[in-house]
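User: I would like a close look at one part of this model before turning to the rest. Please keep the account plain and give the cut-offs for the terms you use.

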Amino acid sequence: MAKAKYTTHLGMNDILPGEIEKWQTLENVIRREAKIFNFEEIRTPIMEQTELIVRGVGQLTDIVSKEIFAFKRGDDHYVLRPECTAPVARAFVEHHLDQRGGSQKLYYIGPMFRAERPQKGRLRQFHQFGIEILGSDDPVADAECIAFMMHIYNRIGITNTKLKVNSIGDPESRDSYKKALVKFFQPYREQLSEISKKRLEKNPLRILDSKEEEDQPLIENAPLIENYLNEESAGHFSKVCHYLDELSIPYEVDPHLVRGLDYYTRTAFELVSPDLGSQDALAGGGRYDLLVEEIGGPKTPAIGFAAGIERLFIACKELGIELGEPKSVDVYLVTLGGAARTWALQTLPILRKKGISATMDYMGRSMKAQMKDANRENATYAIFIGDHELEQGKFTYRDMEASEEEMLTLQEILERLESSAT
Ligand code: AMP
């Protein structure tokens, strides 16, 4: 086949017919379960003001320093959203959603963009679903957030996952922990990887989730955050763990779990899967009690998670989980001659009005080719229409799987189709 003149950008994929079915199935599951958990959908624009993302995500995190697609047009600076927490927080503030009363339980599904080096499980345009619970600092909200995340994966059948939880404390706890980390790592500075050396000055917490081999022995002996949590943060975390126990959600406390984004506070969690290879995170989330205020809103504690949809599909594939039905159509109208085509064109809306999916040939193909097409379209029934059938008012009605045929009037065909649908 000739090479296409135009192709998608690296790390950005088309989702084609044949693949779309699993997306639709997953999205239906998410929407249905979100409703059951009483979450409401929110959709924000793909582009945001750069400043929102820079403020929200934190000046020094990787996302801002290198992973953002940004451009300028006139005086406006745009970014393609790399995640959806800051956009949802922005919408919460802009539209005074706090005034609706109570905590806001929101969910989203949509594309995110990061200018990363593409590899398996790591794309430049990828899709996330996630939730944000704004307005509660109750550990119950943390537990519900994690419970919803686990619920979706369990529903899909991805159960061999590991939930890791940690608390990264409030700013006070975190400051003393950061100091302890710098004090610990400083004498070993030369042994650290290049990236960790940089982080030592800018964001020492991130050294803990370094994947670099040379950092590992040092990380193993680094001080643990649990010893630096103040009473409030420690109390919050122990309640979150208690609720997870009560909900029978298995987890592992991972003292090295930190989140890449600066606005996270207290609870941090990640869901990993052994089926994903090196990019093993299915989903991650945590508390961000400071973000809403930081972007100009009222003091609003909040928690959420984001889950990668493409990675969920990789896990499904590894586990042999098939999502989505193959395409099919109830009825294919096989026509011979002009009058038959007109009759078919007029009959399609009659079928469709009754909720029966129906199609016909648009290419003037032979009867044999139309039959082949009906097979390809996975039609349940084919109806043959020619001059002779039109004269008689009876048509060949073929059950494609059973290869059985009957001569029936349109009325009889409709009755059959309706009774087989119920
Ligand atoms: P994050 O917003 O970085 O916490 O990511 C949340 C989830 O989104 C991760 O656990 C992944 O499943 C997914 N994800 C993040 N970055 C990418 C990417 N570049 N390509 C595909 N999935 C991603």
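Where is the place of Ile-46?

Analyst: Ile-46 sits in the loop between β1 (40-41) and β2 (47-49). Helices here are DSSP runs of H or I with at least four residues, strands are runs of E with at least two, and both are numbered from the N terminus. The model is predicted, so local features need pLDDT of at least 70 and side-chain atom pairs count only at pLDDT 80 or more, while totals for chains, interfaces and linings use all residues. Residues are numbered from 1 along each chain as its sequence is written, and side-chain values use heavy atoms, with hydrogens and water left out.

With a relative accessible area of 32%, Ile-46 is partly exposed. That class lies between buried (under 20%) and exposed (over 50%), with a 1.4 Å probe and protein chains only. Together with Met-47 and Phe-71, Ile-46 makes a nonpolar surface patch of about 240 Å². Patch members have over 30% relative accessible area and no salt bridge; nonpolar side chains (Val, Leu, Ile, Met, Phe, Trp, Tyr) are joined within 5 Å, like charges within 9 Å. The areas come from the Shrake-Rupley method with a 1.4 Å probe, and for residues only the protein chains shown count as cover.

The surroundings of this loop can be set out next. An automatic or database assignment divides the protein into domain 1 (20-170 + 230-319) and domain 2 (329-421). Taken over C-alpha atoms, the centres of domain 1 and domain 2 are 48 Å apart. In all, the protein has 15 helices and 16 strands. Its radius of gyration is 28 Å, well over the 22 Å that the globule rule gives for 422 residues, so the protein is more spread out than a compact globule. That radius is taken over C-alpha atoms, and the rule is 2.2 Å times the number of residues to the power 0.38. The C-alpha trace spans about 95 × 50 × 45 Å along its principal axes.

Of the 422 residues, 50% are buried. The protein exposes about 21,900 Å², of which carbon and sulfur atoms supply 49%. Among contacts (heavy atoms within 4.5 Å) with a separation of 6 or more, 69% are between residues 24 or more positions apart.

Charged pairs come next. The structure holds 28 salt bridges, each a side-chain nitrogen of Lys or Arg within 4 Å of a carboxyl oxygen of Asp or Glu. One of them joins Lys-120 and Glu-318 at 4.0 Å, N to O. Lys-120 lies in the loop between β5 (104-113) and β6 (125-134) and Glu-318 in helix α11 (residues 309-319), so this pair ties together parts 198 residues apart in sequence. Lys-120 is exposed at 52% relative accessibility, whereas Glu-318 is partly exposed at 47%.

Another bridge, at 2.9 Å from N to O, pairs Lys-327 with Glu-377. Lys-327 is in the loop between α11 and β12 (329-335) and Glu-377 in the loop between α13 (367-376) and β14 (379-385), 50 residues apart. Lys-327 is partly exposed, at 41%, but Glu-377 is buried, at 17%.

Asp-361 and Arg-365 form a further bridge of 2.8 Å, N to O. Asp-361 is buried at 1% relative accessibility; Arg-365, at 29%, is partly exposed. Through bridges that share partners, Lys-327, Arg-341, Asp-361, Arg-365, Asp-373, Arg-376 and Glu-377 are joined into one network.
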